[in-house]
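Reader: Please show the sequence and the model, and then let us examine the organisation of the fold by question and answer.

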Amino acid sequence: MSAAPRRVKVALGDRAYDILIGSDLIARAGEHCAPHIPKRRAIVVTDDAVARLHLDALTRALKAAGIDAPAVVVPAGEASKDFAEFGRLMERLLDQRPDRDTVLIALGGGVVGDLCGFAASVLLRGVDFIQIPTTLLAQVDSSVGGKTAINTRHGKNLVGTFYQPRLVLADTGVLDTLPRRELLAGYAEIAKYGLIDDEPFFAWLEANGQAVVGGDARARGEAIARSCLSKARIVAEDEREQAGVRDLLNLGHTFGHALEKEVGFGGELLHGEAVAIGMVLAFDMSAALGLCLASDARRVRAHLEAVGLPVSPLTIPGVNARGWDVARLVDHMRADKKNRDGKLTFILARGIGQSFVRRGVEGEAALDTMRRALAA
Ligand SMILES: NC(=O)c1ccc[n+]([C@@H]2O[C@H](COP(=O)([O-])OP(=O)(O)OC[C@H]3O[C@@H](n4cnc5c(N)ncnc54)[C@H](O)[C@@H]3O)[C@@H](O)[C@H]2O)c1
Ligand SMILES: [Zn+2]
């Protein structure tokens with residue numbers, strides 16, 4: 001008999017839903033999903049890598065509960081969030097002759113979650129969907145909060161909807177097949193929640209982070225549940241990103257996005273890796289501005305480094321960051337959609353767990369931080 005899953009509630013009125021976290025949730029997906037699929041018709045959307053590893057188990061579990069669930073498989077990777085791939089997906093979903101009671105099930109990482117969520121929000125003007133996130137990043141970040149999106153040639157995630165799932169099943173067992181780099185990239189977002197507003201959680205991670213990345217099921221469950229609670233709380237306060245509260249989730253992301261843009265999206269630098277470096281830079285900048293102690297910035301760096309994340313642009317494998325044009329990096333930051341009037345918005349910190357949104361930051365402060373990082 002397996003332990004009962006942990007349950008995190010996302011409080012969004014009539015769109016409220018549960019996130020269940022446990023080690024064998026795919027095997028028990030029938031029992032958990034059935035109440036949300038009254039007509040017993042679902043379509044699973046997944047990618048080819050995840051399909052090879054986990055689709056059979058899901059299909060079997062759904063079938064045992066009387067749920068008929070054919071699958072539509074897209075290629076693994078960010079390119080599946082392209083407009084063209086989205087169009088193909090819609091046609092293939094319609095090939096299955098869905099009706100308004102058909103439920104979409106996203107089985108995969110953030111790519112599948114964003115793509116399937118967007119599809120659910122527009123298929124037949126909106127059908128229900130369930131998230132079964134299979135990367136650590138998706139379990140602690142992208143499956144929570146209801147943002148769906150695809151990419152265009154103008155940039156990532158510029159076309160999408162706010163559309164909440166009916167249920168999220170975070171099966172910690174599937175993380176055993178996840179490549180270590182992908183796992184660590186997800187861990188960066190976990191550490192982020194401690195750094196935003198939960199110092200005790202960051203201290204817990206300092207003590208237990210190795211167990212989380214090492215595969216200890218209890219530690220993993222705890223870290224994922226606390227992360228989902230954090231994100232759920234922030235999202236419940238500011239579902240549509242209008243009150244500025246949700247901006248806190250971008251800690252490390254202004255620097256991180258600039259690094260991703262500079263390196264390119266060819267796999268040298270994963271999003272979570274960029275965020276890890278970005279959080280170190282955000283704390284360095286906070287310390288340089290006299291907002292937090294230098295020892296806080298050292299503590300952030302030491303923990304991320306200890307679990308195996310990159311903490312400096314100089315250590316990105318295959319990238320010669322010393323040759324970078326610092327002004328161009330700051331230009332990447334200026335292009336961020338959160339900025340106004342040419343000034344920058346950063347999430348800075350007065351200490352660990354004391355992050356805040358600072359608008360109107362002069363480019364010079366960011367230039368200095370980047371210069372120091374590249375001269376180290
Ligand atoms: N909606 C949001 O709020 C939100 C938040 C953060 C990120 N995102 C989006 O999420 C995406 C990134 O998500 P991601 O990091 O999960 O990437 P991903 O979905 O591309 O997954 C990474 C890789 O891991 C593979 N994989 C997934 N689960 C696996 C498993 N259990 N075992 C083995 N391999 C597995 C996938 O096939 C893929 O190759 C981006 O498109 C980003 O824009 C969205
Ligand atoms: Zn992120």
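**Domains, core and ligand shell**

Author: The protein divides into domain 1 (6–177) and domain 2 (180–375). The model is a predicted one.

Reader: How far apart do the C-alpha centres of domain 1 and domain 2 lie?

Author: The two parts concerned are domain 1 (6–177) and domain 2 (180–375). Between their C-alpha centres the distance is 27 Å.

Reader: Which element gives the largest share of the side of domain 1 that touches domain 2?

Author: In this contact, 22 residues of domain 1 meet 24 residues of domain 2. The elements that give two or more residues to the domain 1 side are β1 (6–10), β2 (17–22) and α5. By class, that side divides into 13 nonpolar, 5 polar and 4 charged residues. Its largest share, 5 residues, comes from α5.

Reader: Which residues does A119 touch, not counting residues up to four places away in sequence?

Author: A119 is among the residues with the most contacts inside the largest nonpolar core. With residues up to four places away in sequence left out, A119 touches V45, L89, M90, L93 and L104.

Reader: Why is strand β9 largely enclosed by the rest of the structure?

Author: L167, L169 and D171 point one way from β9, while V168 and A170 point the other way, and all are buried. Burial here requires 20 or more other C-beta atoms within 10 Å of a residue's own. Strand β9 (residues 167–171) is therefore largely enclosed, the count of buried residues being 5 of the 5.

Reader: In β9, which residue is the bridge partner of I130?

Author: β9 pairs with β2 in the parallel sense over 5 bridges, and there G22 stands opposite D171. Strand β6 (residues 129–133) also pairs with β9 in the parallel sense, over 2 bridges. For I130, the bridge partner in β9 is L167.

Reader: Which residues come nearest to ligand 1?

Author: The shell around ligand 1 has 10 nonpolar, 10 polar and 8 charged residues. At least two residues of the shell come from each of α2 (48–64), α4 (110–122), α5 (136–142) and β8 (155–162). Of the 28 residues around ligand 1, the nearest are A49, G109, G110, T135 and S142.

Terms used:
Residues are numbered from 1 along each chain as its sequence is written. Chains are lettered from A and ligands numbered from 1 in the order in which they are written. This is a predicted model: local features need pLDDT of at least 70, side-chain atom pairs count only at pLDDT 80 or more; totals for chains, interfaces and linings use all residues. A residue is near a molecule or strand if its C-beta atom, placed from the backbone, lies within 6 Å of it. Helices (H or I, at least four residues) and strands (E, at least two) are DSSP runs, numbered from the N terminus. Ala, Val, Leu, Ile, Met, Phe, Trp, Tyr, Cys and Pro count as nonpolar, Asp, Glu, Lys and Arg as charged, and the others, Gly among them, as polar. A nonpolar core is a set of buried Ala, Val, Leu, Ile, Met, Phe, Trp, Tyr and Cys residues joined through C-beta atoms within 7 Å. A residue is buried if 20 or more other C-beta atoms lie within 10 Å of its own, exposed if 12 or fewer, and partly exposed in between; C-beta atoms are placed from the backbone. Two residues are in contact if their C-beta atoms, placed from the backbone, lie within 7 Å. Domain bounds come from an automatic or database domain assignment. Two strands pair if DSSP finds at least two bridges between them.
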